Each structure stands twice: as structure tokens, then as C-alpha cells.
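Subject: Structure handover

Hello,

Here is the structure you are taking over. Please open it alongside this message and follow the notes below.

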Amino acid sequence: MMEPTLPYNRKDSKSIEAYAQRLLNKSLRVVLGSQIKQTYSGKGKLGQILEDLYFQYKPNSESEADFQEAGVELKTSPLKKTTKGFTSKERLVFNIINYEEEHTKTFKTSSFWRKNKLLLLMFFLYQQGIEDLDYIFKIIHLWEFPPTDLKIIEDDWQKIISKIKAGKAHEISEGDTLYLGACTKGANNKSLRKQPFSTEMAMQRAFSLKSKYLNYIIGKSLPSERIVKDTKEYKKGESLEDIVKKRFIPYYGLSEDEIIAKLKLPKSKAKSRFYLIAKAILGVKKEKIEEFEKADLALKTIRLEHSGALKESMSFAQIQYKEILNESWDDSYWFNTLTKRFLFVAFQKDENGEPRLKNIMFWTMPVKDLEVAHAYWLDTKRKIAKNDFSHFIKISDDRICHVRPKGINSKDLMETATGAMEKKMCYWLNSSYIKEIIK
DNA sequence: GCATGATCATGC
DNA sequence: GCATGATCATGC
């Protein structure tokens, strides 16, 4: 029998994504119009209408992904708008955990991983009182778990499985895990299931991605903008780095005020304003630089004194006290950060103390320094594991990196693996090291 | 509210 | 002058 002609290639994940993206900033009612014959109501209907009317496929076996040939699982999830922008309204729920079955699997053969390797995420803006059909889709894209995150998800899965194996399925809690949770599922707490290694009935639970991790995905999906808008801008033999260098040339020697006047930027008092200026010079207004994201480039600014002295060390993200314990070096935040290629943009104070754009340079950390950073990371991780938060490597230890506070103030705390609260700290590169680099 | 990209402030 | 701890404005 002839297959019906679909408006997309269901064997090709990119084609499915492209077709899905036609819904961006639209609602199903607007796109489907008169094709909607019946009325839909209740939970989970949005996904069903999408499948039936928009993607025009019949659901296949439950243990396989929705678009089986392409290995793509379709997931819709609500967003809410806060002062922080879009954040996830609730966790993203996957399949119910079959306690009798799941423990016989490995992560790679697990029900979760078989179905959810590649997700087509369709986030819509939730609004109270309106029909599912009228929700506006705000973020639509294919999501593949980065290796760093997958490691944590796999550990989470193992943690859930080990409780089942210990006959403690009834003691599973969402607090056990970091990204992948086992959330309760059922009308009430009388939704109980049997478990294999205990006679005690356990709450029915499903795999889910926690809200916090979803917010990370949403953040990753924030609008980015290309530096090079038209491929014609690439002249023969020119690289992205060449273009970047060229973009900065007209601004060398100019002061902060002169640059913001030239670029018509608002005056800012933020400590990060030189970073924003550098981004504006590259012609990017949105949050992320597409080429930098794709090529794993990091933009960092450096401020020099008039004498050429460098006062400040370079700060990075906060140390996630729980996550770091689950990281291995290869998938750690610090390794992933330091193995990026850096674009340093240096400003130097003139004789009046006014910062002027001095120059830029691309840089990659040498392997031997990366080894020092590895030792630092191991030391930090070991101390966190021992609950020692007061003897981290200091700048005076002169080992390329150090640990130092980073919070809104000294009362800004983060929960540790043991449930204690500790002052937020972050990863730093020593000023002396930066100074060596730019010399 | 909170992480980010940072710089400021203090004490020795 | 440097090490260390504290804090800022911003965007989302």
C-alpha cells in the first residue's frame, strides 16, 4: 500500500525539526484552522493533536520513539514567563518506571534511553484559562544530551535502579538525583505498584527531567545571532578568526565612551559592560554568538592598568557542589571550559584612567597547563567530597587556577551533597597566569 | 531569584 | 602591591 505523502521526511530528524519549527510563535489553531473538527480537552491533548493533525502519524509501539525511523521522540512542555524570562513551568515527564523490568536493563538498554536519545522539544507558553490549541510555541528544537550531562543522567538512572534492586522502590525520592528524576505519577498516593525485591507496594513513578535541568535546556535554546550574516563576507581563504580580528580594527585605541557612542549602545555601569561592548563590536545583539557556540569559543575581556599591570583574575561559573561529585575530568565543567578556544579582548587604561580597546588575541590552553588544572580540579572535588570548604587552592598557591567566593554577597549560599549550605564559590584563572598568556 | 561576566574593598 | 573576600548591574 502507498504511504501517504507527509510534508516532511520522517526518516530525517532535521526534516522533522524544520517542519515542527513552522509552528514557532504560532498556535496550532492558527496553523491548522479548519482541519480541527473535533473538540479536545484534558491533559496531554496538545501532544495528541500535534501527532494526529500536524505530524499526521499514528502512534507506534510504546517502547520506541515517536518517529521511530529517525529515533526522535516528540515532547511538549509548558513555559511560564517570569521576570527572568522563560522558565519551565513543570518537570518533563517520560515513561512510567516498570519496577519489575527496568532493573534488568543497563542504561543503554533502559526504557528511558531507548525512547529518549533524541528529543524534539516543543516548549509553549502556558496561559491560564486558554485552550491547548491556542498555546503559542516559543522554543522548538532537537535536543541531544551533551556527554557531560549524559554522564549525570546515567548516574541518576543507576541511583534509581539501585534503590529498586535494594527492595526500596517505595523509598525513591526525587531528591535522590540531579537531572533525571523519578517523579510520582498517578491520581493520588494510592497509585501503587509492585516491586521485585520487597513485598511493600511502591508509589508509581515516571522518569522525568527536573525543572532546573529544563531551565538549562531553555537557556541553551536562547536566541543566538551570527557574526557573519552572509557567507559572501568570507573572502577567499579567510577564516572566522580573520573576520573577528577585522571587526575589532576600527575600534582600537577608542575609549569606552567613544565605542558606545559609535555603536549607539546604552551607557552601562555593569561590571560586565566591556564584555557587552566586545559582543556589540562583533555585531551581535542577542544573548549568544552562534559561531562561538558551535565552535566552542569563549569570549573573555581583560582589563589592564595604564602601566600594563593586570589586577584581576578571571572568574568562571560557580562550582556546583553536588554536580562536581558526579563529574569525571573528561566531562567536567572545568575541562570543557578550559579546552575551549578563547578570544581575549584587552582594554587598557590611558593616562587619564580611561579604558581603551588595546587588542585582541585567540588562545588555547597548552596541554601541560591543562594537567595542572586537572590536579586543581581533583583537589577541589576531593575537598568538596570531604565536606571541606575552607582549604581550596588559593591564588597564592600559584597553580594557574584557584577557588574564590562568587555570590551576590557573603550570605549567598548553595546546598551541598550532604544538605549543608555553603558559600558560593567559583573557578578562577590566576591573574599571574593571564598575564603570562598575554605577554 | 539567580547565574553571569565581572570589578571593588579591605587588610596586611 | 597583592591576596582574599565581598559585591555589582544586568538579563532573563
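The side chains of glutamate 225 and lysine 229 form a salt bridge, with 3.1 Å from N to O. Glutamate 225 counts as buried, because its relative accessibility is 18% and the cut-off for buried is under 20%. Elsewhere, Arg226, Glu290, Glu291 and Lys294 are joined into one network by salt bridges that share partners. Please keep in mind that this is a predicted model.

Salt bridges

As background, side chains of opposite charge can pair when their charged atoms come close. The structure holds 29 salt bridges. Two more of them are described here.

One is formed by the side chains of lysine 14 and glutamate 17, at 3.9 Å from N to O. Both residues belong to helix 1 (residues 13-20), and because they are three residues apart in that helix, about one helical turn separates them. How exposed or buried are the two partners? Lysine 14 is exposed, at a relative accessible area of 56%, whereas glutamate 17 is buried, at 12%.

Another salt bridge links the side chains of aspartate 155 and lysine 151, with 2.9 Å from N to O. These two residues are in helix 6 (residues 147-165), and since they are four residues apart there, the separation is again about one helical turn. Aspartate 155 has a relative accessible area of 24% and is partly exposed. Lysine 151 is partly exposed too, with a value of 28%.

Domains 2 and 3

The domain assignment divides chain A into domain 1 (13-217), domain 2 (222-295) and domain 3 (304-348 + 359-439). The notes in this part concern domain 2 and domain 3, whose C-alpha centres are 26 Å apart.

How many residues of each are in contact? On the domain 2 side there are 10 residues, and they meet seven residues of domain 3. The size of an interface is often given as the accessible area lost when the parts come together. For domain 2 and domain 3 the buried area is about 780 Å², and 83% of it is on carbon and sulfur atoms.

One salt bridge is found across the interface of domain 2 and domain 3. The side chains of arginine 341 and glutamate 241 also meet in a salt bridge, at 2.5 Å from N to O. Between domain 2 and domain 3, one residue pair is in polar contact, with both residues at pLDDT 80 or more. On the side of domain 2 that touches domain 3, the elements giving two or more residues are helix 8 (240-248) and helix 10 (273-281). Of the elements on that side, helix 8 gives the most, with four residues.

Is strand 19 (residues 425-429) mostly covered or mostly open? It is mostly covered, with five of its five residues buried.

Strand 19 pairs with strand 13 (residues 314-318) in the antiparallel sense, over three bridges. In this pairing, methionine 314 stands opposite leucine 429 of strand 19. Strand 16 (residues 401-405) also runs antiparallel to strand 19, and five bridges join them. There, histidine 402 has tryptophan 428 of strand 19 as its bridge partner. When you look at these strands, remember that in a regular strand the side chains alternate between the two faces of the sheet.

Two single residues

Threonine 337 is in helix 13 (residues 333-338). Is threonine 337 buried or exposed? Threonine 337 is buried, because its relative accessible area is 6%, where buried means under 20%. A polar atom of the threonine 337 side chain lies 2.7 Å from the backbone oxygen of tyrosine 333. Leaving out residues up to four places away in sequence, threonine 337 touches Phe316 and Phe342.

Serine 410 sits in the loop between strand 16 and strand 17 (413-415). Serine 410 is partly exposed, at 49% relative accessibility, because only values over 50% count as exposed. Serine 410 and lysine 439 are 29 residues apart along the chain, and 34 Å separates their C-alpha atoms.

Regards

Note on methods. Residues numbered from 1 in each chain as written. Chains lettered and ligands numbered in written order. Predicted model: local features only at pLDDT ≥ 70, side-chain atom pairs only at ≥ 80, totals over all residues. Heavy atoms only, no water. Buried < 20%, exposed > 50% of the residue type's maximum accessible area, 1.4 Å probe, protein only. Pairing = 2+ DSSP bridges. Salt bridge = Lys/Arg side-chain N within 4 Å of Asp/Glu carboxyl O. Domains from an automatic or database assignment. Contact = heavy atoms within 4.5 Å. Buried area = accessible area lost by both parts, 1.4 Å probe. Polar contact = N/O pair within 3.5 Å; in protein donor to acceptor, adjacent residues only side chain to side chain.
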